[in-house]
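Me: I would like a close look at one part of this protein. Please keep it brisk, but join the pieces up.

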Amino acid sequence: MRPFSLLCTLFLTIACSSADVAELNKSTHVDDDCGKYLAIKDNDYFNEFISFQLQQVNELKGEITNDNMDELHKALYQFEAHWLTLKEDRYNACQRHANCTELERQYNRNIERQPRNRIISSSKKMCQKSDFEYAISRIKMVTFYTDVERLELIRQK
């Protein structure tokens with residue numbers, strides 16, 4: 001009897017550790033997918049745009065007052081800070097969406113095994129809110145970028 005209980009304990013330990021590794025791999029995959037929103041890219045168009053604008057503002061040195069120069073620098077840095085906030089919001093929305101999608105997948109897999117446990121309202125998509133937030137985060141970034149891109153420095157003589 002003793003070897004049998006030892007063998008059962010061994011199998012239980014292996015099964016639990018395999019499940020833990022599987023969960024760890026899933027969360028790493030989600031981080032890889034969402035991490036691209038926070039990663040520094042070689043061709044980040046917004047940063048290139050801000051750098052170009054900063055270069056143009058610096059070329060105005062001597063033509064405008066120091067106060068105006070400081071205000072222009074401050075505005076560009078605020079644009080960049082807001083952009084970083086939007087990127088972080090996009091990352092967070094991606095995380096919420098990925099977590100909800102994973103929960104929905106687990107729920108659907110469980111329902112396949114035990115159909116009587118189905119919740120009546122589950123015919124609707126469970127992740128509509130996170131889908132919407134995820135889409136809105138992209139729209140906010142695109143809208144902000146196009147608004148900033150349309151700004152022009154107008155010189156008055």
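Among contacts in the protein chain between residues at least 6 apart in sequence, what percentage join residues at least 24 apart? Then take helix α3 (residues 66-113). Which residues of α2 meet it, and which disulfides and ring pairs involve it?

Reply: The figure is 74%, among contacts between residues at least 6 apart in sequence. Contact here means heavy atoms within 4.5 Å. One caution first: this is a predicted model, so local features need pLDDT of at least 70 and side-chain atom pairs count only at pLDDT 80 or more, while totals for chains, interfaces and linings use all residues. Residues are numbered from 1 along each chain as its sequence is written, and side-chain values use heavy atoms, with hydrogens and water left out.

The protein chain has four helices and zero strands. Its elements run α-α-α-α from the N terminus on. Both kinds of element are DSSP runs, numbered from the N terminus: helices are H or I with at least four residues, strands are E with at least two. Of the 157 residues, 23% are buried. Buried means under 20% relative accessible area, exposed means over 50%, and partly exposed lies in between (1.4 Å probe, protein chains only).

Now the packing of α3. Two packed helices are described by the angle between their axes and the distance between the axes. Helix α2 (residues 45-59) packs against α3 at about 175°, and the axes are 10 Å apart. Axes are lines fitted to C-alpha atoms, for helices over the stretch in contact, and angles run from 0 to 180 degrees between N-to-C directions. The two helices are therefore roughly antiparallel. The classes are: under 35 degrees roughly parallel, over 145 roughly antiparallel, 65 to 115 roughly perpendicular, the rest oblique.

Which residues meet there? From α2 come Phe46, Asn47, Ile50, Gln53, Leu54, Val57 and Asn58. From α3 come Met69, Leu72, His73, Leu76, Tyr77, Phe79, Glu80 and Trp83. By class, this contact has ten nonpolar, four polar and one charged residues. Ala, Val, Leu, Ile, Met, Phe, Trp, Tyr, Cys and Pro count as nonpolar; Asp, Glu, Lys and Arg as charged; the others, Gly among them, as polar.

Two of these contact residues, Phe46 and Trp83, also pair through their rings. A pair of aromatic rings is described by the distance of the centres and the angle of the planes. Rings of Phe, Tyr and Trp (its six-membered ring) pair if their centres lie within 6.5 Å; planes under 30 degrees apart count as stacked, over 60 as edge-to-face, the rest as tilted. The whole structure holds seven aromatic pairs. In one, the centres of Phe46 and Trp83 lie 4.3 Å apart with planes at 15°, so the pair is stacked. Phe46 sits in α2 and Trp83 in α3, so the pair ties together parts 37 residues apart in sequence. Phe46 is buried at 1% relative accessibility, and Trp83 is buried at 9%. Trp83 also stacks with Phe144: centres 6.4 Å apart, planes at 25°. This second pair links α3 to helix α4, 61 residues apart. Phe144 is buried too, at 13%. Ring pairs join Phe46, Phe49, Phe79, Trp83, Phe144 and Tyr145 into a cluster.

A disulfide is a covalent bond between the sulfur atoms of two cysteines. Here a disulfide is a pair of cysteine sulfur atoms within 2.5 Å. The count is two. Cys34 and Cys94 form one, with sulfur atoms 2.1 Å apart. It is left-handed, with -80° about the S-S bond. Cys34 lies in helix α1 (residues 2-35) and Cys94 in α3, so parts 60 residues apart are tied together. Cys34 and Cys94 are buried.

Cys100 and Cys127 form a disulfide as well, also with sulfur atoms 2.1 Å apart. The torsion about its S-S bond is about -100°, so this disulfide is left-handed. It links Cys100 in α3 to Cys127 in the loop between α3 and α4 (128-150), 27 residues away. Cys127 is buried at 1%. In sequence order, the bonded cysteines pair 1-2, 3-4.

At 15% relative accessibility, Glu104 counts as buried. Neighbours within four places aside, Glu104 contacts Lys125, Met126 and Cys127. Cys127 is the disulfide partner of Cys100.
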